[in-house]
Amino acid sequence: MSVAVRPSGVGVLDKATHILDCLEAGPASLAQLVEATGLARPTAHRLAVALTHHRLVARDVQGRFVLGPRLGELAAASGEDRLFAAAGPVLNQLRNATGESAQVYRRQGEWRICVASAERPIGLRDTIPVGTQLSMKAGSAAQVLIAWEDHHRLLEGLRQARFSATVLAAVRRRGWAQSVGERERGIASVSAPVRNPAGKVIAAVSISGPIERLSRQPGRLHADVVCQAARQLSDALRAQA
């Protein structure tokens, strides 16, 4: 039976949304999409492939259409206001406890975006304004945002990265990441995962600063307090939910 969709007047958008609505019930072959939507087979195929290109739809191991990873990223972005509101006090505490600049990063496609920060007020510091885009190929926050991805996305994340699968395995085992001169020469950092109420990693909380202060083993100095900050943010999101 076709799923009823209230028309918006923009035909192609209505049809694409119809496909997404159908996939909400689970994986579907092209034939099943045609039956559920009432669309012509060429139209359903063209739209499903276009949605796959934009990662709104994906394929499972049997070749069926399924909802894609971009929807999860957009859902995470919709919670960014809650994350930002909760992050301010936590980052201030983290900065004061470590004496280093503190940030929260969220993944957006092939980048990580700084969505909140608390800068060290004086002295040499690693300044990263809110809105800054940084690579997912280097840095402890990138390690955290990739380490708990599914196998396929983890392998994609490792391509041309400055960290290895062994490094990410260590991140998952101990629950935090560190980097020394990986993103930028002379800068070290420590990061830990922020999780949504379902347990999915949606952000990374970090501190960063010069190697001279953080040392070449920054995790030994600051992993505990960074992990505590990450737990505070995760608990805050859980409470809001």
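These questions and answers go through a predicted model and the cut-offs behind its descriptions.

Residues are numbered from 1 along each chain as its sequence is written, and side-chain values use heavy atoms, without hydrogens and water. As the model is predicted, local features need pLDDT of at least 70 and side-chain atom pairs count only at pLDDT 80 or more, while totals for chains, interfaces and linings use all residues.

Q: How many helices and strands does the protein have, and what makes a stretch count as one?
A: There are 10 helices and eight strands.

Q: What are the overall dimensions of the C-alpha trace?
A: Along the principal axes it spans about 65 × 35 × 25 Å.

Q: Into which domains is the protein divided, and where do the bounds come from?
A: Domain 1 is 11-77 and domain 2 is 80-239. The bounds come from an automatic or database domain assignment. The C-alpha centres of the two domains lie 33 Å apart.

Q: How do you know where the "HTH iclR-type" domain lies?
A: The range comes from a UniProt annotation in an unreviewed entry, covering residues 10-69. UniProt positions are given in the numbering used here, feature names are shortened, and annotations may be inferred rather than shown by experiment. In the model, residues 10-69 are 58% helix and 10% strand. The end C-alpha atoms of this range are 25 Å apart.

Q: Why is the contact between E100 and R213 called a salt bridge?
A: The term needs a side-chain nitrogen of Lys or Arg within 4 Å of a carboxyl oxygen of Asp or Glu. The closest N and O atoms of E100 and R213 are 2.8 Å apart. The pair therefore qualifies.

Q: What does the pair E100 and R213 tie together?
A: E100 lies in the loop between helix 5 (80-98) and strand 3 (101-108), and R213 in helix 9 (residues 211-214), so the bridge ties together parts that are 113 residues apart in sequence.

Q: Are E100 and R213 buried or partly exposed, and how do you know?
A: Buried means under 20% relative accessible area, exposed means over 50%, and partly exposed lies in between (1.4 Å probe, protein chains only). E100 has 3%, so E100 is buried. R213 has 31%, so R213 is partly exposed.

Q: How many salt bridges does the whole structure have, and which residues form a network?
A: The search finds seven. R107, E110, E149 and R153 are linked in a network. Within it, R107 and E110 meet at 4.0 Å, N to O. R107 is buried, with 11% relative accessibility.

Q: Why is helix 6 (residues 140-147) called mostly covered?
A: Eight of its eight residues are buried. Among them are S140, Q143 and I146.

Q: What makes the buried residues of helix 8 (residues 165-174) line one face?
A: The buried residues are L168, A170 and V171.

Q: What covers the buried residues of helix 8?
A: The cover includes helix 6, helix 7 (151-158) and strand 6 (177-180).

Q: Which residues other than glycine have a positive phi?
A: R55 is one of them, with phi near 65 degrees. R55 sits in the loop between helix 3 (41-53) and strand 1 (57-59). S215 also has a positive phi, near 75 degrees. S215 sits in the loop between helix 9 and helix 10.

Terms used
Helix = DSSP H or I, 4+ residues; strand = E, 2+ residues; numbered from the N terminus. Contact = heavy atoms within 4.5 Å.
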